[in-house]
Amino acid sequence: MTREGLRTLDRALSKAGVCSRTQAAAWVRSGRVTVNGRVAQDADEHCNLERDDVRVDGRRVGANALVHLILHKPRGYLTTRDDPKGRLTVYALMEDAPTWVAPVGRLDGDTSGLLLFTNDTAFSELMTNPGSHLEKSYVVTARPRIDDVALERLARGVDLADGPTRPARVEKLGDRDKTTRFAIAITEGRNRQVRRMVRAVGSKVVKLHRRSVGPLELGELELGTWRALTAHEVRDLVAAARSAQSR
């Protein structure tokens, strides 16, 4: 930056949570980005999001207002901006969001439930920091059935390829046919962790739904819709993440 607030276009878009710097450069090359009404020619040109009118596909990217959203993600949507195979992404559900937002962490395509979005990079980094053991809870349906001994193993922690898992809270919700349904709350964010934990005790996840992150619950939010978090909810999430860091 040559002066306060001034960044290269690709860095500004990345900092605002719109996309990665690599994606920004590609969007500039394809003519999707405008600066003060003209089509941007170079991702290395400088801009100031507080002063300049920067738009992607006609939608303005802002630097001032911090936005925190919660989405009830359905199964079958990828947590990514673009998919080269043309599969559905969560951004198809966020078209009416007030500004550009990025997902906070991710849920894989076969997982439903609570997914946060924001343009607040400090908030996102706090929520996803590996040192912040913020609890996330899921409802799992697994096949074949998991007995009480295996559920206790999940609660104590199991050995995975990247090391043993931290203790978890596990509650059996019931058996049906060849499946077991249970709730699990973990304080880590490893890739596909719950699915790998269930595999480690001899079963397989057939349905996975995230119902809460820290004190924030999905509640009655309809499938495929989003809403803005209240200031109180944001404060509670930040306080919970900071408290979890100290444990």
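Tutor: Start with a strand pair: strand 15 and strand 16 (residues 216–217) run antiparallel and are joined by two bridges. Helices (H or I, at least four residues) and strands (E, at least two) are DSSP runs, numbered from the N terminus. Two strands pair if DSSP finds at least two bridges between them. This is a predicted model: local features need pLDDT of at least 70, side-chain atom pairs count only at pLDDT 80 or more, and totals for chains, interfaces and linings use all residues. Residues are numbered from 1 along each chain as its sequence is written, and side-chain values use heavy atoms, with hydrogens and water left out.

Student: Which residue is the bridge partner of Val213 in strand 16?

Tutor: Leu216 is. Two residues lie between the strands of this hairpin, and Gly214 takes a positive phi near 55° there.

Student: Which way do strand 10 and strand 15 run, parallel or antiparallel?

Tutor: Antiparallel, with eight bridges between strand 10 (residues 136–143) and strand 15. Thr141 stands opposite Lys207 of strand 15. Strand 9 (residues 111–118) runs parallel to strand 15, with three bridges. There, Ser112 has His209 as its bridge partner.

Student: Where do side chains point in a strand?

Tutor: In a regular strand they alternate between the two faces of the sheet.

Student: Is Ser212 buried or exposed?

Tutor: Buried means under 20% relative accessible area, exposed over 50%, and partly exposed in between (1.4 Å probe, protein chains only). Ser212 has 11% relative accessibility, so it counts as buried.

Student: Which residues does Ser212 touch?

Tutor: Contact means heavy atoms within 4.5 Å. Leaving out residues up to four places away in sequence, Ser212 touches Leu114, Glu135, Lys136, Ser137 and Glu217. The side chains of Ser212 and Ser137 also make a polar contact (2.4 Å). A polar contact is a pair of N or O atoms within 3.5 Å; within protein, one must be able to donate a hydrogen and the other to accept it, and residues adjacent in sequence count only if both atoms are side-chain atoms.

Student: Which residues of helix 3 are buried?

Tutor: In helix 3 (residues 121–128), they are Phe123, Ser124, Leu126 and Met127. Down the helix axis, the buried residues of helix 3 fall within an arc of 165°, so they line one face. That arc is taken from the directions from the helix axis to the C-beta atoms. The face turned away from the buried side carries the exposed Ala122 and Glu125.
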